[in-house]
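Here are some exercises to work through with the model open beside you. Try each task before you read its solution.

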Amino acid sequence: MSARQSCDSMGRKRSKREPIDVAEKKKEDKSLDKLIGVRRQRLDRLEFERIEARQQWRQQRTRLRQEKQGWSDAVAQAQDYWQQARAGFFKMATSSGQFRQSKAVYERLKQSAALLRQQARQTVAVCRSAGRTFFDANRHLSEARRQLEKLSILRDEIRLQRPPEDD
């Protein structure tokens with residue numbers, strides 16, 4: 001063997017060319033896809049929560065409407081009763097004792113109407129709270145949708161920037 005030829009440790013001649021480095025196919029990063037999957041699950045949960053909140057708010061508004069109608073009916077009933085009692089008294093159809101009795105009944109009707117009004121006012125607070133819950137859930141859902149859209153756009157941009165792979 002001449003000095004020019006070099007041998008490897010086994011005594012074989014080395015090739016004059018160096019082996020070509022072939023780039024291995026890089027494994028595609030799936031972490032963004034996994035994150036998008038998790039965000040979609042979160043989006044589904046937030047949509048469910050928003051639907052539940054809207055249903056609760058609607059139920060509370062229906063209850064409030066019924067209570068307000070009950071209060072309004074009670075006030076109207078008390079006023080009608082009092083007008084009839086006064087009309088009877090002024091026509092001299094009822095005695096002063098009966099009139100005092102009618103006045104006591106009227107006061108009880110007014111108190112029951114006031115209780116109905118108080119219940120309706122308490123329902124207003126519950127209804128407003130349910131409305132706030134719905135609008136908060138709606139806001140969270142729209143924020144989550146926006147974030148998911150941004151992540152999807154980011155993933156698509158990253159995929160477009162990758163060089164095409166030759167098979």
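**Exercise 1. Find where Gln 111 sits, and say whether it is buried or exposed.**

Step 1. Gln 111 belongs to helix α2; helices here are DSSP runs of H or I with at least four residues, strands are runs of E with at least two, and both are numbered from the N terminus.

Step 2. With a relative accessible area of 58%, Gln 111 is exposed. The cut-offs are under 20% for buried and over 50% for exposed, with partly exposed in between (1.4 Å probe, protein chains only).

Step 3. Now look across to Ala 74: its C-alpha atom is 9.7 Å from that of Gln 111, and the two residues are 37 apart along the chain.

A quick word on the ground rules: this is a predicted model, where local features need pLDDT of at least 70 and side-chain atom pairs count only at pLDDT 80 or more, while totals for chains, interfaces and linings use all residues. Residues are numbered from 1 along each chain as its sequence is written, and side-chain values use heavy atoms, leaving out hydrogens and water.

**Exercise 2. Work out how α1 and α2 are arranged.**

Step 1. Count the elements: the chain has two helices and zero strands.

Step 2. Two packed helices are described by the angle and the distance between their axes. The axes of α1 and α2 (residues 96–161) come within 6 Å and cross at roughly 165 degrees. Axes are lines fitted to C-alpha atoms, for helices over the stretch in contact, and angles run from 0 to 180 degrees between N-to-C directions.

Step 3. That angle makes α1 roughly antiparallel to α2, a label for angles over 145 degrees.

Step 4. The α1/α2 crossing is left-handed, meaning that the near helix is turned anticlockwise from the far one by less than a right angle.

Step 5. Check the contacts (heavy atoms within 4.5 Å). Of the chain's contacts with a separation of 6 or more, 81% are between residues 24 or more positions apart.

**Exercise 3. Trace the salt bridges that Asp 33 makes with Arg 155 and Arg 159.**

Step 1. The structure holds nine salt bridges, each a side-chain nitrogen of Lys or Arg within 4 Å of a carboxyl oxygen of Asp or Glu.

Step 2. Arg 155 pairs with Asp 33 at 3.4 Å, N to O. Arg 155 is in helix α2 and Asp 33 in helix α1, so this pair ties together parts 122 residues apart in sequence.

Step 3. Arg 155 counts as buried at 17% relative accessibility, whereas Asp 33 is partly exposed at 22%.

Step 4. Arg 159 also forms a salt bridge with Asp 33, with the closest N and O atoms 2.8 Å apart. This one links α2 to α1 across 126 residues.

**Exercise 4. Which residues does Arg 50 touch, neighbours within four places in sequence left aside?**

Step 1. Arg 50 lies in helix α1, residues 31–90.

Step 2. With those neighbours left aside, Arg 50 is in contact with Phe 134, Ala 137, Asn 138 and Leu 141.

Step 3. Arg 50 is buried yet has no salt bridge; Glu 47, the nearest side chain of opposite charge, is 6.2 Å away. For charge, Lys and Arg count as positive and Asp and Glu as negative, while His and the chain ends are not counted.

Step 4. Glu 47 does have a salt bridge with Arg 145, at 3.1 Å, N to O.

How values were computed: Parallel < 35°, antiparallel > 145°, perpendicular 65-115°, else oblique.
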